[in-house]
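Please find below a colleague's note on the structure. The points are numbered and may be read in order.

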Amino acid sequence: MSVVQFDSVSKRYGREIAAESVSLSIPANRTTAIIGPSGSGKSTLLQMINGMVRPDAGSVRVFDAPVDYGELPQLRRKIGYAVQGIGLFPHWNVARNIAILAEMNGWDGARRSARVRELMALVELPEHYETRHPHELSGGEMQRVGLCRAMMLDPPLFLLDEPFGALDPLTRGEVHREFERIREAGRRTIVLVTHDLHEAQKLADEIVVVNEGRVEQQAETQTILAQPANDFVAGFFRAYEESR
Amino acid sequence: MKRTLAVIATLAVFTPHSAHAEETIRVGSKNFTEGYILGELLARALEREGIRVERRFGLGGTLVCYEALRNGEIDLYPEYSGTIEQAILKRETRSSFSDLQSVVREETGLAFLPSLGFDNTYAIAVRRETAERLSLTSIGDLAAHPGLAIAFSHEFLNRQDGWPGLAARYGLPQKPAGIEHGLAYEAMRTKNLDATDCYSTDGDIQKYDLVLLADDRGYFPEYQAAPLVAPGVEARVRPVLERLAGTIDEAAMRAMNGKVLLDDRTFAEVAHEFLEERPGGNEALSSDRTRPPVRESRLDAVVRRGARHLQLTLIALALGILVAVPLGVLIYRTRALARPVLYLAGLLQTIPSIALLAFMIPVLGIGFRPAIVALFLYALLPILRNTTAALLAIDPNLKRVARGIGLTAWQRLRHVEIPLAAPLILAGIKTAAVINIGTATLAAFIGAGGLGEPIVTGLALNDTSLILEGAIPAALLAILTELLFDLLENRIVPEHLKRDPAVT
Ligand SMILES: Nc1ncnc2c1ncn2[C@@H]1O[C@H](COP(=O)(O)OP(=O)(O)O)[C@@H](O)[C@H]1O
Ligand SMILES: [Mg+2]
């Protein structure tokens, strides 16, 4: 069963190719990592799932229906979204940042704050942080708040675009552990964009390697490491090992 | 009987003719001493006959007065024959006063009433001592004395109908220097200067004991002063104002100008005295109507004008906010509009305020409304520009996330973009408010009142203390506005945005 399907999807920015005839299917209830060099089209693929990027050709299906570009906010509320820049709203405190979508969906205050507390406990943020503003948080804390916001409505699908990219190695380790916990807390489909093979290996069940807008290989994490499909994939893994 | 009287009274009130007779006459004046005095004189002469008068004095020059008259914003104002001929009708030729009256009637439909009796034209003034020593009586006499120290105002020196033509007409050999008019009189007092140009009714002529040389070759055009009257009120005012015809000669006008300029008398007092002292001036009128003018206390005047000033500024600012903030948002959302709209708003800003006010007159007349519109137009650009710039400057990552997590366009605008842009928008509003307070001082030129009133009058009288009476409260108001906005900023801008705008 798949949650997301790409069918011969292409996207160009002027002469720049961001996706070229991509056909891809993302399995439900698993974590899929999209890896590849910078500029290879990873974010483009991810943003086609929630309609932020509209393909020039081909079709994208999400939750077994083609993306309806006239009703994007509805679709997006079923998709948790977190990015490297985090993008916490600086004029709101932590609780409001986490709860914004529930607020827009008309949840009452009690229900909202119960859910906020639950999520903050899950990512080990102290309860009194609720009233802090983003500028009063460390990078790792901000990232956790960002994850809580993505989880607020308990969406069945998560899109994470290098969410741990800007963290120092120690903090990243901690956030990784929390990520694992989130993963175990409920069966969800997670699509994780990263350029870090180690991170993909650690967090993902399945890996998609992209290069210059094309999918080079898609396979189980263990399989892909043992059996790179072509020279590019093998070279990408090797270059990564050498740089460490 | 009582009943019949009541019916008659009612009929009288509602008969169109009598309603018309009750209408207030609006008297205008230009913004210089003589203009004010003559305006006040005409107004008081009408009031003495029981006619209700509204004063719209200190209008910014010929164009403003004339347009106001044409558009029915005022009913009459004192004007000069030479000005009508050259500035209004733009005629090359010179005609006699009576010819000009018919031409005015034909071309504009307005009535130019008989001259009040004096000609306020250009004149050459010489120190009495010099004039007597060299027996100078007419301009031509200057030709025999090439060594005289002569200086003219820059305008007179350079206008074709000023010195160049005068020198040619009278064969004058001198090479005069240019001098600021106000300084020329001082220079004559200290005997550094023998002759300069002036207006024949300048109040300073008496003060500095100067002699005017006769223009016996008729070089200077005539500037006979007379009321210029709208046809609708002519029948009512002509009989009253015609009685003033020929009653003011140059000496009398000089004396009245001098009283205001040098003796610190008000326009109203001077006009009142003239009407009282006129032969038969105090006959047969109720004491009520001839009561001498009462001076308003300085503080009362400042408070009254300050309130009017604030009213002008605040209404224009509120309208500016109501239009510019939504327009700024619209521009931000439909980028195609950005260039043309901001360009247009910028263009509006470059129109000099006084010109913008003048453009308003044909459409909106004079007074409160056009002033509000002009101030509103000036308020637009700063608010518009700041609104758009603030929205465009929001961290693109933040905008992307707001979109990506599923906020609708309206929710993004309302909950994220506007709040984040608010400090800069507020700064734009503050700029607009301060600009408006400054610009509103010019509203007095089109009769809208405010703190500009004493400035306009003070400029006319060359009276610094009067100018300061408007300028200081206006400056204080501007400073106060800054402070209030700073307080507001402190309250509505959240702590984190003040501290480090780079944090997202
Ligand atoms: N909005 C855009 N405008 C123009 N070019 C873009 C845009 N977004 C991405 N690209 C280009 O498309 C290619 C793929 O970009 P992206 O999907 O962001 O790559 P990745 O996430 O793998 O680094 C790159 O060459 C990038 O420069
Ligand atoms: Mg990317």
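**Notes on the predicted model**

1. A:Ser2 has contacts (heavy atoms within 4.5 Å) with A:Ser25, A:Ile26, A:Pro27, A:Ala28 and A:Asp64, leaving aside residues up to four places away in sequence. The residue belongs to strand 1 of chain A. A:Ser2 counts as buried because its relative accessibility is 14%; buried means under 20% relative accessible area, exposed over 50%, and partly exposed in between, with a 1.4 Å probe and protein chains only.

2. Conventions are as follows. This is a predicted model in which local features need pLDDT of at least 70 and side-chain atom pairs count only at pLDDT 80 or more, while totals for chains, interfaces and linings use all residues. Residues are numbered from 1 along each chain as its sequence is written, chains are lettered from A and ligands numbered from 1 in the order in which they are written, and side-chain values use heavy atoms, with hydrogens and water left out.

3. Helices (H or I, at least four residues) and strands (E, at least two) are DSSP runs numbered from the N terminus, and two strands pair if DSSP finds at least two bridges between them. Strand 1 (residues 2-13) of chain A pairs with strand 2 (residues 16-27) of chain A in the antiparallel sense, over 8 bridges. Within this pairing, A:Gln5 has A:Ser25 as its bridge partner in strand 2 of chain A. The two strands form a hairpin with 2 residues between them, and A:Gly14 in the turn has a positive phi of about 60 degrees.

4. Strand 1 of chain A also pairs with strand 4 (residues 57-62) of chain A, in the antiparallel sense and over 5 bridges. Here A:Ser59 in strand 4 of chain A is the bridge partner of A:Asp7.

5. Which residues are around ligand 1? With a cut-off of one heavy atom within 4 Å, they are A:Tyr13, A:Glu16, A:Ala18, A:Pro37, A:Ser38, A:Gly39, A:Ser40, A:Gly41, A:Lys42, A:Ser43 and A:Thr44. This shell divides into 3 nonpolar, 6 polar and 2 charged residues; Ala, Val, Leu, Ile, Met, Phe, Trp, Tyr, Cys and Pro count as nonpolar, Asp, Glu, Lys and Arg as charged, and the others, Gly among them, as polar.

6. Oxygen atoms of ligand 1 lie 2.7 Å from a backbone N or O atom of A:Gly39 and 3.0 Å from a backbone N or O atom of A:Gly41. In the side chain of A:Thr44, an N or O atom is 2.5 Å from an oxygen atom of ligand 1. On its own, ligand 1 has 560 Å² of accessible area (Shrake-Rupley method, 1.4 Å probe), of which the protein covers 60%. Strand 2 and helix 1 (42-49) of chain A are the elements that give two or more residues to the shell, and the largest share, 3 residues, comes from helix 1 of chain A.

7. Helix 1 of chain A is mostly covered, with 7 of its 8 residues buried. These are A:Lys42, A:Thr44, A:Leu45, A:Leu46, A:Gln47, A:Met48 and A:Ile49. A:Gly51, just after this helix, takes a positive phi of about 80 degrees.

8. In chain B, B:Lys399 is found in helix 20 (residues 396-404).

Terms used. Polar contact = N/O pair within 3.5 Å; in protein donor to acceptor, adjacent residues only side chain to side chain.
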